[in-house]
Amino acid sequence: LEEYGEGSGTFLKIKHGCICQESKTEREGYKKVEGVLRDGSPWKKWIRPYKAVSGYIDKIDRYDREFEGRKFRGWNIAINDGENQYTLDIPFDSRVNSRWMKLAESIDYTKPVRFSAWTDKKTDSTALNLQQDGVTVPQKYTREEPNGLPEPIQRSSGKWDYGAQEDFLVDRLLRFVIPNVEIIAANRNIGRTANPPEE
């Protein structure tokens, strides 16, 4: 982790215009963020922001769970920097999820990856960048080169429906990216085992 301050932690989110640890209660080294929900009720949390997190991607898990009547779906990405393990959460309903899914197949999982996030001033939303060897990882799926990605459909209401795109990208991660990550990580982690099991 490239910290703004000191501290440690393992569960990271891409929220509040950065990569951060988040707490519902005040904690030393954390700063307060607050706002208003769609229903008008106020909220406040405390975050510890980071410029970036770097390491090998050891695992990608898709989660689908319910808490207090609300559904939560997304990805947990396990990142190992050689000393520490971090879990980076990317919810399906976040803007960065589309970018993550469109570039996941372009990552070389045998090399470390650097995740960084910031607030895009043009759109006032969170932007995500991944780098390897100091170069931004390109998206495999773009408007100019869709590579089989379905076109969004404009409904009669005027709203755009990206459901077919999301289904396509999730399927690609589940069938190709995740199995590939597991094989590469298993081979890499053999070297990390202090006492490898006997045959």
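Guide: Let's begin with Asn 147, whose place is in the loop between strand 10 and strand 11 (153–154). Helices (H or I, at least four residues) and strands (E, at least two) are DSSP runs here, numbered from the N terminus.

Visitor: What is phi of Asn 147 near?
Guide: Phi of Asn 147 is near 50°, a positive value in a residue other than glycine. Most residues other than glycine have a negative phi.

Visitor: What about His 16, what's its phi near?
Guide: For His 16, phi is near 60°, also positive in a residue other than glycine. His 16 is in the loop between strand 2 and strand 3 (18–23), and its 31% relative accessibility makes it partly exposed.

Visitor: Before I go on, what kind of model is this?
Guide: It is a predicted model, in which local features need pLDDT of at least 70 and side-chain atom pairs count only at pLDDT 80 or more, while totals for chains, interfaces and linings use all residues. Residues are numbered from 1 along each chain as its sequence is written, and side-chain values use heavy atoms, with hydrogens and water left out.

Visitor: What's the mean pLDDT of the protein chain?
Guide: The mean is 90, and 91% of the residues reach 70 or more. pLDDT is the predictor's confidence in each residue, from 0 to 100.

Visitor: Where is confidence lowest, and where highest?
Guide: Confidence is lowest in strand 1 (residues 2–3), at a mean of 58, and highest in strand 10 (residues 135–136), at 98. Over residues 5–9 the pLDDT is below 50, though that stretch has 10 contacts beyond near neighbours in sequence. Residues 193–197 are below 50 as well, and that stretch has zero such contacts. Contact means heavy atoms within 4.5 Å. Where pLDDT is low, the predicted coordinates should not be read in detail.

Visitor: OK, new topic. How many residues are in the largest nonpolar core?
Guide: That core has 36 residues, and those with the most contacts inside it are Trp 100, Tyr 109 and Phe 115. A nonpolar core is a set of buried Ala, Val, Leu, Ile, Met, Phe, Trp, Tyr and Cys residues joined through side-chain atoms within 4.5 Å.

Visitor: Which elements give two or more residues to it?
Guide: Among them are strand 5 (42–67), strand 6 (70–80), helix 1 (95–103), strand 8 (113–120) and helix 2 (163–190). Helix 2 gives the most, with seven residues.

Visitor: What is Tyr 109 in contact with?
Guide: Leaving aside neighbours within four places in sequence, the contacts of Tyr 109 include Tyr 56, Ile 60, Trp 100, Val 177, Ile 184 and Arg 188.

Visitor: How many aromatic pairs does the structure hold?
Guide: It holds three. Rings of Phe, Tyr and Trp (its six-membered ring) pair if their centres lie within 6.5 Å; planes under 30 degrees apart are stacked, over 60 edge-to-face, and the rest tilted. Trp 75 and Phe 92 have ring centres 5.4 Å apart and planes at 50°, so that pair is tilted. Trp 75 is in strand 6 and Phe 92 in the loop between strand 7 and helix 1, 17 residues apart. Both Trp 75 and Phe 92 are buried.

Visitor: And Trp 100 with Phe 115, what's the geometry there?
Guide: Trp 100 and Phe 115 are a tilted pair too, 6.3 Å centre to centre with 40° between the planes. Trp 100 lies in helix 1 and Phe 115 in strand 8, so the pair ties together parts 15 residues apart in sequence. Both Trp 100 and Phe 115 are buried.

Conventions:
Buried means under 20% relative accessible area, exposed over 50%, partly exposed in between (1.4 Å probe, protein chains only).
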